[in-house]
Amino acid sequence: MMGRPMYGVGLLQGLRVTLRNMTRRSVTAHYPDVQPDLPPRSRGVIALQEENCTSCMLCARECPSWCIIIDSHKETIPATTEGGRDRSLNVLDRFDIDYSICMYCSICIEVCPFDALHWSPEFAYAEGDIVDLTHDMNRLREWMWTVPAPQALDPGAEVPKEIAAYEAAQSSPEIPGMAE
Amino acid sequence: MSDLLDIVLRCVIVVGAFMTLPLLVGQMEHKAMAHMQSRVGPMKAGAFHGWAQLVADGVKFAQKESIIPAAADNAVFRLAPAVALVPYLVAMVAIPLGPFFGQTDLIGQDLDLGLFFVLAAMSVGVLGSLMGGLGSGNKYSYIGGMRVAAQLMSYELPMVLAAASVAMAAGTLSLVGIANAWEPWWLLAQLPGLIVFFTAGLAELQRPPFDAPMADAELVMGPLTEYGGMRFAMFLLSEYAGIVVLAALTSVLFLGGWAGPWSDQVGWIWSLLKIVVVSFLVIWARVAYPRLREDQVNALAWKVLVPLALLQVTLTTFLVVL
């Protein structure tokens, strides 16, 4: 029995913990009255930077719940120089995300090669009809205005690779292989 | 004529206390329990910190349909809530609150057998949930009813023994007499009795941690499973009225009732204050402790509380004889 606390100590501890809790501020979030203070990168709603989208379909194909629908058509830009080749360009006709089946896994945002998809912390888009949970590209574009600026890097973090590459290019006057 | 007026006035006061004090305790439970769990509790009803939550609950209960299960024993089922609630009203008649601005004791009726009367009434109150359990025609209710019966058998004895110890020390069964005879050193001499009485009272009221008859994880809601609307509200009210009666009885028997500075003027305030403190203890125990298993409930009564109460009675006997 050595080392075991005295009989009944646990009972007093229970009383002490609950009383201490009562003297402290509650942790309740008073949501409708007070807006929540969400951390950056909160997964509220997916915003579409339509101008960046090349209709590559990567997001639609990676989506585990198949909630992204993309339609596009090809337009031809005539060659600007004599004897040049015509350029073809994908133009987005339709980009829908059905939030009634989206599972907020963030794979589409990770996979997008052109940073056309972003998380916005907005979460209050409940609807009376499930059909209205499908946001079209105009609505998804509007969410872009609510996307916060990227989170600042931690102090002492590695230099981002874009900046590292730029600085490397500045320091070496010639890029090897380009001289010929 | 003035006698009649006196009686009517006392009745009005008792009924008024019966309608308000349990609600105050209920509201205190809502808020104190919430803050002990780092929540805020009701905030909307009544605009200021949800003060009208229980009024809103009452309105909701009153609107609900009264349902009697086909398998229920009709008469018993309908009578049970009244049997649970009315005894506490009856008990309140005999509980003194002390001097009221120089007037005589604030009490419905001073009985020579007041202690006996109140304890008897409290036991009848428990029969209400027993009737509800056996009359509902539901197996969960039935098991809950059996647990109520077991709990009633176990805890009646230590409660009465602890109360008897105080009655012996005071030499009277009148609650006013006991409170007048109370002396501060009884706090120490009657401490085991106080603990036994309070714990047994909790069990009698089926308050957590002694809510094995309700045990919502195993028995849905025990004897109250089939109840809804006003009948359920009456059971709920009887629970809080029971807390008030237990708190009042504890303070009269063990805490000196209205003893305190200027008690001949504001004795009733001291009484109410002690009732609130003891009610808070009841709520505190609910938040702090998990539910006892059915065998633990009975083991605690027979192996701890009854011996403790007997020791207390023996001790009091010695003190009285000396």
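Trainee: Where is B:Gln206 found in chain B?
Mentor: This is a predicted model: local features need pLDDT of at least 70, side-chain atom pairs count only at pLDDT 80 or more, and totals for chains, interfaces and linings use all residues. Residues are numbered from 1 along each chain as its sequence is written; chains are lettered from A and ligands numbered from 1 in the order in which they are written. Helices (H or I, at least four residues) and strands (E, at least two) are DSSP runs, numbered from the N terminus. B:Gln206 sits in the loop between H8 and H9 of chain B.

Trainee: What is the phi of B:Gln206?
Mentor: Most residues other than glycine have a negative phi. B:Gln206 is not a glycine, yet its phi is positive, near 55°.

Trainee: Is B:Gln206 buried or exposed?
Mentor: Count other C-beta atoms, placed from the backbone, within 10 Å: 20 or more is buried, 12 or fewer exposed, and in between partly exposed. B:Gln206 has 24 such neighbours, so it counts as buried.

Trainee: Which class does B:Ser38 fall in?
Mentor: B:Ser38 lies in the loop between H1 and helix H2 (53–63) of chain B. It too is a residue other than glycine with a positive phi, about 60°. Its C-beta neighbours inside 10 Å number 13, so B:Ser38 is partly exposed.

Trainee: What is the omega of the peptide bond from B:Pro208 to B:Pro209?
Mentor: B:Pro209 is in the loop between helix H8 (191–204) and helix H9 (216–219) of chain B. Most peptide bonds are trans. The bond from B:Pro208 to B:Pro209 is cis, with omega near 5°.

Trainee: What radius of gyration does chain B have?
Mentor: Chain B has twelve helices and zero strands. The globule rule (2.2 Å times the number of residues to the power 0.38, with the radius taken over C-alpha atoms) sets the reference. For 322 residues the rule gives 20 Å, and chain B is as compact as a globular protein of that length because its radius is close to that, at 20 Å.

Trainee: By class, how many charged residues has the side of chain B that touches chain A?
Mentor: Eleven residues of chain B are in contact (C-beta atoms, placed from the backbone, within 7 Å) with eight of chain A. Helix H1 (2–36) and helix H11 (263–288) of chain B each supply at least two residues of that side. Ala, Val, Leu, Ile, Met, Phe, Trp, Tyr, Cys and Pro count as nonpolar, Asp, Glu, Lys and Arg as charged, and the others, Gly among them, as polar. The side has seven nonpolar residues and three polar; the charged number one.

Trainee: Which are the edge strands of the sheet in chain A?
Mentor: Strands pair if DSSP finds at least two bridges between them. Three strands form an open, antiparallel sheet in the order E2-E3-E5. Pairing on one side only are strand E2 (68–77) and strand E5 (134–135) of chain A.

Methods: Two residues are in contact if their C-beta atoms, placed from the backbone, lie within 7 Å.
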